[in-house]
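Q: Could you walk me through this one while I have it open?
A: Gladly; ask away.

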Amino acid sequence: AEDVLYTYLRSLSMLDFYTAQEYSEDSNVVSTYQDYYANYGIEDYYDDFLRKQYKYALTTLEILQIGDTAVFADGTENVTVKLNMIDLTDKDFWLKDKDTLFDTLFNYKVYQDDDTKADQYLYDYIYKLYEKGSLPKKEVDVEIVLGKSAGGGWLVTNDKELDAALGYDWGTDIAKFIQDEYQQYELKRTLKESLDKGDD
């Protein structure tokens, strides 16, 4: 079971989904990745960003330790795995560029009236930082379930916690967080510029 788990996780980190599917049954991670590409090519920049972020998170997976294993009467094993991966909870890495970032977004959204251009700029900014590999990683514990196949071999049968960690399903992703922060900036700056014009 442990060998199967190692092979499965290594395959995901190398984007080798053929092998990952050979060692799993109804994998949530594989399904999520396939869903991202099912409509690939449609001009939705946010979905495209989420796809790239999920793909990048997969490539950062490192197995640190196989932890506790709970064994059940039906033969399934619930294994806790400690992983190292990109820290999708980090909300501070962009602050050094905040002034430039917000000024550019304001220019695109307000002066050019082009929200799509602004959104694409933000998503590209974040993903380029991912590609540089300079963002922090974080240790996470996920539980993965393994069971016996009809042929008697082990298969990963439940990887929902891993899928949730890769997609940061329980929190606000960094793109939405920055956009929310920017909205406050835009309101204040628009009001200030409006008052300044009134003074003139």
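A: Thr-104 counts as buried because its relative accessibility is 17%, where buried means under 20% relative accessible area, exposed over 50% and partly exposed in between, with a 1.4 Å probe and protein chains only. This is a predicted model, in which local features need pLDDT of at least 70 and side-chain atom pairs count only at pLDDT 80 or more, while totals for chains, interfaces and linings use all residues. Residues are numbered from 1 along each chain as its sequence is written, and side-chain values use heavy atoms, with hydrogens and water left out.

Q: Which helix does Thr-104 lie in?
A: Thr-104 lies in helix α5, which covers residues 98-111; helices here are DSSP runs of H or I with at least four residues, strands are runs of E with at least two, and both are numbered from the N terminus.

Q: And what does the side chain of Thr-104 reach?
A: The side chain of Thr-104 reaches the backbone oxygen of Thr-100, at 2.8 Å.

Q: Switching to the whole protein, what pattern does it follow along the sequence?
A: Along the sequence the pattern reads α-α-α-α-β-β-α-α-β-β-α-α. The protein is more spread out than a compact globule, because its radius of gyration is 21 Å, well over the 16 Å that the globule rule gives for 200 residues; the radius is taken over C-alpha atoms, and the rule is 2.2 Å times the number of residues to the power 0.38.

Q: What box do the C-alpha atoms fill?
A: Taken along the principal axes, the box is roughly 80 × 35 × 30 Å.

Q: How much of the protein is buried?
A: Buried residues make up 40% of the 200 residues.

Conventions
A polar contact is a pair of N or O atoms within 3.5 Å; within protein, one must be able to donate a hydrogen and the other to accept it, and residues adjacent in sequence count only if both atoms are side-chain atoms.
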